[in-house]
Amino acid sequence: MIKVLLVDDQHLIRQGLKELLKLEPDLEIVGEAENGAVAVDLVAKLQPDVVLMDIRMPIMDGVAATQEINQNFRNTKILVLTTFDNDEYVTAALQNGAMGYLLKDTPSEELAVAIRAVHKGYTQLGPGIVKKLLTQFPNSVHQSQPVPPSLTELTPREKEVLKLIATGASNREIAQKLYISEGTVKNHVTNILNRLNLRDRTQAAIIANTFLFYLNEPN
């Protein structure tokens with residue numbers, strides 16, 4: 001059972017989410033918080049697996065709460081669920097430890113899938129969020145920019161996988177594109193993250209976009 005804490009300053013939103021998610025047999029809503037400060041206190045008491053975190057709230061906003069929870073409760077994963085998709089909020093939330101960023105118009109079944117994925121340690125980004133992130137790190141570096149040694153250690157196949165990660169492609173989409181199994185893709189992604197010392201696919205996408213000139217070079 002995945003324990004979920006709902007954090008949103010609007011009572012109706014919390015109730016709506018609670019009604020939707022309680023239909024999922026493997027999800028348990030263990031608490032609700034109306035702002036980030038209450039959320040931090042409840043995380044300490046309830047030890048939830050996943051926090052559904054709003055961004056704009058009184059007293060303590062979602063970014064500050066995400067930062068504090070990420071620093072002090074490493075076993076609790078944070079999935080931002082908000083109506084705001086501006087670049088500043090997206091970047092701040094992910095830089096402070098959020099494992100995902102979704103908008104509130106996300107269908108309930110997709111939200112449930114995202115909660116399960118974040119619980120397992122995977123990053124979940126809503127449509128268009130990856131593109132917004134990459135605009136924060138434009139591919140403005142040229143071939144004079146030194147390529148990190150760890151990047152040059154990637155195999156030709158890993159470079160192909162990394163380039164597709166940068167487009168926001170899922171493991172299944174990468175598998176179909178490269179005509180390999182989804183399990184093989186997962187292994188490649190794990191190797192890439194370990195070799196580059198990255199936390200998740202979001203960081204991998206940023207690195208790939210920054211050094212796209214290198215990844216596009218013939219093997």
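Student: How many salt bridges does the structure hold?

Tutor: Bear in mind that this is a predicted model, so each contact we discuss is computed from modelled coordinates. A salt bridge is called where a side-chain nitrogen of Lys or Arg comes within 4 Å of a carboxyl oxygen of Asp or Glu, and by that criterion the structure holds ten of them.

Student: Which residue forms a salt bridge with Asp8, and where in the chain do the two partners lie?

Tutor: The partner is Lys104, with the closest N and O atoms 2.6 Å apart. Lys104 sits in the loop between strand S5 (100-103) and helix H5 (108-119), while Asp8 belongs to the loop between S1 and H1, so that the pair links distant parts of the chain, 96 residues apart.

Student: Is Asp8 buried or exposed, and what about Lys104?

Tutor: The cut-off for burial is under 20% relative accessible area; Asp8, at 2%, is therefore counted as buried, whereas Lys104, at 25%, is counted as partly exposed.

Student: Which residues are joined with Lys104 into one network of salt bridges?

Tutor: Besides its bridge to Asp8, Lys104 meets the side chain of Asp54 in a salt bridge with an N to O distance of 3.7 Å. This second pair also links distant parts of the chain, since Asp54 is in the loop between S3 and helix H3 (62-72) and Lys104 in the loop between S5 and H5, 50 residues apart. Asp54 is buried because its relative accessible area is 3%, and the shared partners join Asp8, Asp54 and Lys104 into one network.

Student: Which parts of the chain does the salt bridge between Asp26 and Arg116 tie together?

Tutor: The side chains of Asp26 and Arg116 meet at 2.6 Å, N to O.

Student: How should I read the pairing of strand S1, and in which sense, parallel or antiparallel, do S1 and S2 pair?

Tutor: Ask which strands S1 is bridged to and in what direction they run. S1 (residues 2-7) pairs with strand S2 (residues 27-33) in the parallel sense over six bridges, and Ile2 stands opposite Leu27 in S2. The chain passes from S1 through H1 to S2, a β-α-β crossover that is right-handed. S1 is also joined to strand S3 (residues 50-53) by four bridges, again in parallel, with Val4 opposite Val50. Five of the six residues of S1 are buried, so the strand is largely enclosed by the rest of the structure.

How values were computed:
Residues are numbered from 1 along each chain as its sequence is written. This is a predicted model: local features need pLDDT of at least 70, side-chain atom pairs count only at pLDDT 80 or more; totals for chains, interfaces and linings use all residues. Side-chain values use heavy atoms; hydrogens and water are left out. Buried means under 20% relative accessible area, exposed over 50%, partly exposed in between (1.4 Å probe, protein chains only). Helices (H or I, at least four residues) and strands (E, at least two) are DSSP runs, numbered from the N terminus. Two strands pair if DSSP finds at least two bridges between them. A crossover is right-handed if, with the strands pointing away from the viewer, the path from the first strand over the helix to the second runs clockwise.
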